[in-house]
2 protein chains.
Amino acid sequence: MTKRIGLFGFGVVGQGYYQIAKKQKEQWIPDTIVVKNKFKRRPSDIKFSYNPQEVFDKNPDYVLELISNTEEAYQYVTEALKRGITVISANKKLLSAHLPELIQLQRVFGGKLLYEAAAAAGIPVITNLETHFEEDNIVALEGVLNGSSNYILSRIFNNGLSFSDALRLAQQKGFAEDDPKFDINGSDVASKLNILCLHAFGKFIGEAHIPTFGIQHLGEEEIALAKSLGLKIKLIAKAEKDYRGISAFIIPTLVAEYNPFHGVENEYNAVKITSEHLQEQFYQGKGAGSLPTGAAVYGDLIKAKNGFGYNYSKVNFDKPLEEKLLNLGVRVLIKSKSESQIESVLFSPELNQHIDGYHFAVGKVKPKNFNRLNESGEVSIIALPDDLSADQISEGLNCAQNAEEMV
Amino acid sequence: MTKRIGLFGFGVVGQGYYQIAKKQKEQWIPDTIVVKNKFKRRPSDIKFSYNPQEVFDKNPDYVLELISNTEEAYQYVTEALKRGITVISANKKLLSAHLPELIQLQRVFGGKLLYEAAAAAGIPVITNLETHFEEDNIVALEGVLNGSSNYILSRIFNNGLSFSDALRLAQQKGFAEDDPKFDINGSDVASKLNILCLHAFGKFIGEAHIPTFGIQHLGEEEIALAKSLGLKIKLIAKAEKDYRGISAFIIPTLVAEYNPFHGVENEYNAVKITSEHLQEQFYQGKGAGSLPTGAAVYGDLIKAKNGFGYNYSKVNFDKPLEEKLLNLGVRVLIKSKSESQIESVLFSPELNQHIDGYHFAVGKVKPKNFNRLNESGEVSIIALPDDLSADQISEGLNCAQNAEEMV
């Protein structure tokens, strides 16, 4: 039986979806494709519409929402869900902002909303949280969730590029958004972690409440330090749950070779899930790109066709969905020109070193201070592995400084 | 609505399942548990039955088959499927031997058979092949699929243990079967690869037709060589598909640090899936243990309750399910006391070296010769990374030999 499919958007993801549908099964080619810009050059063999209403006039079985504008996406997705239609979305900003309402609309009107591509592109992490882990108690979820930041870090660590050269290359390769701010300041990761927390813990945190420190202030000193210790830096999103509640934050992190994120390079994403029974699982796959992301959208459509939908089984619908995060200290290396800035946030100090006009300190920082530090632009923080001592860091800093002086 | 569940077997997996069900939801505690041995010590608070028929007399909704005896498992599973019951099995030997018939029984009688725990214990690889990858074209599937072999290799490479000491430790830890032969000779891996090939490529190879070389003949020389090159050895199962057909085999393999299997240690399993659209994905998780394996069985039950079943979407039911493997040469390092034995299997030679009474050669070997070599007990083969040259191997062999002489 032929199904009617309406597609909003024909950007990187929409084109990937279209290419796959055309190759796999004619029935999954959208009968309406709505785009916004009439003057953009597009394939001449595809008929485009500029009228969003046309999708709904045709009574679609499925709506694919693959645009970037959050407000318009909200209109289309809520309209479709109110009609009980199955919707596939890849729009992390939309989902992260409106998940509670979008879940409610599914429950009231009987439509379905799937969005595997929104969290880690090609990696089926939401599907697995909703099936394999459905009745397992998840205690931690960690991830490398931004392909662009990770590509930049790979170029810095594996090819010796400067931050700005690495960023330019990421943009040329199409891994970074036009405005790369949301990639490198961690805001894109916060949207994804916010979505994943709902499926892992059944709670809605709200991305504005997730303490976020990006990679944009990563200095040469920290990079040299990591290299001298044989470690890498990855932008890690981390969420944990225990009897006290949920902790979650995003922070550049020193990772040792034994850490599975150590080997996650370039535009790859990865997620590590720790649960009570299945214990530790690690998934790695493409976190960007037209085909992998389009394939995740296509995969959602096939899953929906087979009757699959998210059960949100971790959610207790008799209680508020919203939850406040814990604010437990994270052990970090902090660098700043201002010693008083460090003193204002650091506790349990282990190290205090002064090199080349910078103060370096090791100690704990409360996540609620991350965003303020991130925005100040004059400070860098990096989370540390438990087994890396302050002495090793001190030696590493001296060693990195000497290496620099020898250049 | 309460469902009736019959459980066959109360070994490591059955106990793991029971423990999880008891903690999660009373409704998933089996109402009948059939065991064989009346004289084995068992928990006094659980009622056991010794009569398999009792399970069927109670008209169960679900049958869990978690025993090791293949013939008895075949009786219980086919009986249940003929009654249209949903069956969960963790019995790789049963499934590998009888999948074509078991698929047919599902199609004829409308029952379902799920068996995630049979292929890589806790890792949801079959579920993902059947959902996320359902309409993607899989071109390669590789895995570390035997936790016991991998545990032994970890002890050899990370702790300097001898093969026999490492095997003894694996048995003490409960990772190796009572008769460890099937773990270390690759036969257990062949069962799993055979099952995975059906879900990845839609073809039944038959485990007896999968060329298999285990780790039991791994000598000190190859281990020293790997260490001197900064590489590790992993027992890798590999299947590939191209326009000519399917290749599949199991062989100890030298892996470099950039290979994601390099970091898979101890009782962990891992699977790498390469497909046309999603491209490269890598999953790692516990490949043994009561809770992770029991959780995979429990997960199957929850998936089945939600309506999930395998679609076998890669299978073309109008064509024979059985397929013969291609027999393309694999580039290996081969070691033997007999030069003529090497000459009888090696082609495209790149290296021929004589050290301490052994002949070492690099070249290609057809997989159809693996089993014969494996059984001869006097030869070792290891697959090589493409970028490792014969010169590097020659240097490595000399280096390993010198290191030994210095001891």
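Trainee: Before we start, what should I know about the numbering and the model?
Mentor: Residues are numbered from 1 along each chain as its sequence is written, while chains are lettered from A and ligands numbered from 1 in the order in which they are written. The model is predicted, so local features need pLDDT of at least 70, side-chain atom pairs count only at pLDDT 80 or more, and totals for chains, interfaces and linings use all residues, with side-chain values using heavy atoms and leaving out hydrogens and water.

Trainee: OK, what rotation superposes chain B on chain A?
Mentor: A rotation of 180° with 0.0 Å of shift along its axis, at an RMSD of 0.0 Å. That's the relation of a two-fold axis.

Trainee: Why is the pair of Phe8(A) and Tyr76(A) called stacked?
Mentor: Because their ring centres are 4.0 Å apart and the planes sit at 10°. Phe8(A) is in strand E1 and Tyr76(A) in helix H3 of chain A, 68 residues apart. Helices (H or I, at least four residues) and strands (E, at least two) are DSSP runs, numbered from the N terminus.

Trainee: Is Phe8(A) buried or exposed?
Mentor: Buried, at 1% relative accessibility, and Tyr76(A) is buried with 13%. Buried means under 20% relative accessible area, exposed over 50%, partly exposed in between (1.4 Å probe, protein chains only).

Trainee: What about Glu72(A), where does that one lie?
Mentor: In helix H3 of chain A, residues 70–82. Glu72(A) counts as partly exposed at 24%, and touches Lys36(A) and Ile67(A), not counting residues up to four places away in sequence.

Trainee: Last one: what sits over the ring of Phe317(A)?
Mentor: The charged end of Arg107(A), 3.6 Å from the ring centre. In chain B, Arg107(B) lies over the face of Phe317(B), at 3.5 Å. The rule is NZ of Lys or CZ of Arg within 6 Å of the ring centre and within 35 degrees of the ring normal.

Definitions and conventions: Contact means heavy atoms within 4.5 Å. Copies are superposed by least squares on the C-alpha atoms of residues with pLDDT of at least 70 in both. Rings of Phe, Tyr and Trp (its six-membered ring) pair if their centres lie within 6.5 Å; planes under 30 degrees apart count as stacked, over 60 as edge-to-face and the rest as tilted.
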